[in-house]
Amino acid sequence: MAENIMNKLRIAFSEIKHHHENGEFSCQFSCGIASFPDFDNIISLGNEADKALYEAKESGRNKVVCRHP
């Protein structure tokens with residue numbers, strides 16, 4: 001469910017046109033997701049979400065990656 005929500009947000013965000021004095025541009029983002037109770041403490045939850053984010057960036061960016069145990 002979180003992955004679907006973040007993918008919808010990621011796509012919608014990339015469609016926003018930002019205006020600048022030199023023209024128009026758009027932005028993209030990557031997201032890492034880890035969930036409770038798969039990771040049962042705040043340290044492992046944060047670490048796994050961070051690992052997922054770096055995996056998303058290293059595998060091409062502009063994507064959502066979920067970590068599972």
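Is Glu-55 buried, partly exposed or exposed? I looked up its relative accessible area, which is 37%, so Glu-55 is partly exposed. The scale I used calls a residue buried under 20% relative accessible area, exposed over 50%, and partly exposed in between (1.4 Å probe, protein chains only).

**Ground rules**

I am working on a predicted model, in which local features need pLDDT of at least 70 and side-chain atom pairs count only at pLDDT 80 or more, while totals for chains, interfaces and linings use all residues. I number residues from 1 along each chain as its sequence is written, and side-chain values use heavy atoms, with hydrogens and water left out.

**Fold and overall form**

I counted two helices and four strands in the protein. These are DSSP runs numbered from the N terminus, with helices being H or I of at least four residues and strands being E of at least two. In sequence order I read the pattern α-β-β-β-α-β. The radius of gyration is 14 Å, well over the 11 Å that the globule rule gives for 69 residues, so the protein is more spread out than a compact globule. I took that radius over C-alpha atoms, and the rule is 2.2 Å times the number of residues to the power 0.38. The C-alpha trace spans about 45 × 20 × 20 Å along its principal axes.

I noted that buried residues make up 17% of the 69 residues. Of the contacts (heavy atoms within 4.5 Å) with a separation of 6 or more, 46% are between residues 24 or more positions apart.

**Salt bridges**

I found three salt bridges in the structure. The criterion is a side-chain nitrogen of Lys or Arg within 4 Å of a carboxyl oxygen of Asp or Glu.

I looked at Lys-51 and Glu-48, whose side chains meet in a salt bridge at 3.2 Å, N to O. Both residues lie in helix H2 (residues 42–58), three residues apart, about one turn of the helix. Lys-51 counts as partly exposed at 42% relative accessibility, whereas Glu-48 counts as buried at 13%.

I then checked Arg-67, which forms a salt bridge with Glu-48, the closest N and O atoms being 3.0 Å apart. This pair links distant parts of the chain, with Arg-67 in the segment after strand S4 (64–66) and Glu-48 in helix H2, 19 residues apart. Arg-67 is partly exposed, with a relative accessible area of 23%.

I went back to Glu-55, whose side chain meets that of Arg-67 in a salt bridge at 3.5 Å, N to O. Here too the pair links distant parts of the chain: Glu-55 is in helix H2 and Arg-67 is in the segment after S4, 12 residues apart. Through shared partners, the salt bridges join Glu-48, Lys-51, Glu-55 and Arg-67 into one network.

I placed Arg-10 in helix H1 (residues 2–14). Leaving aside its neighbours within four places in sequence, I list Phe-29, Asn-62, Lys-63 and Val-64 as residues in contact with Arg-10.
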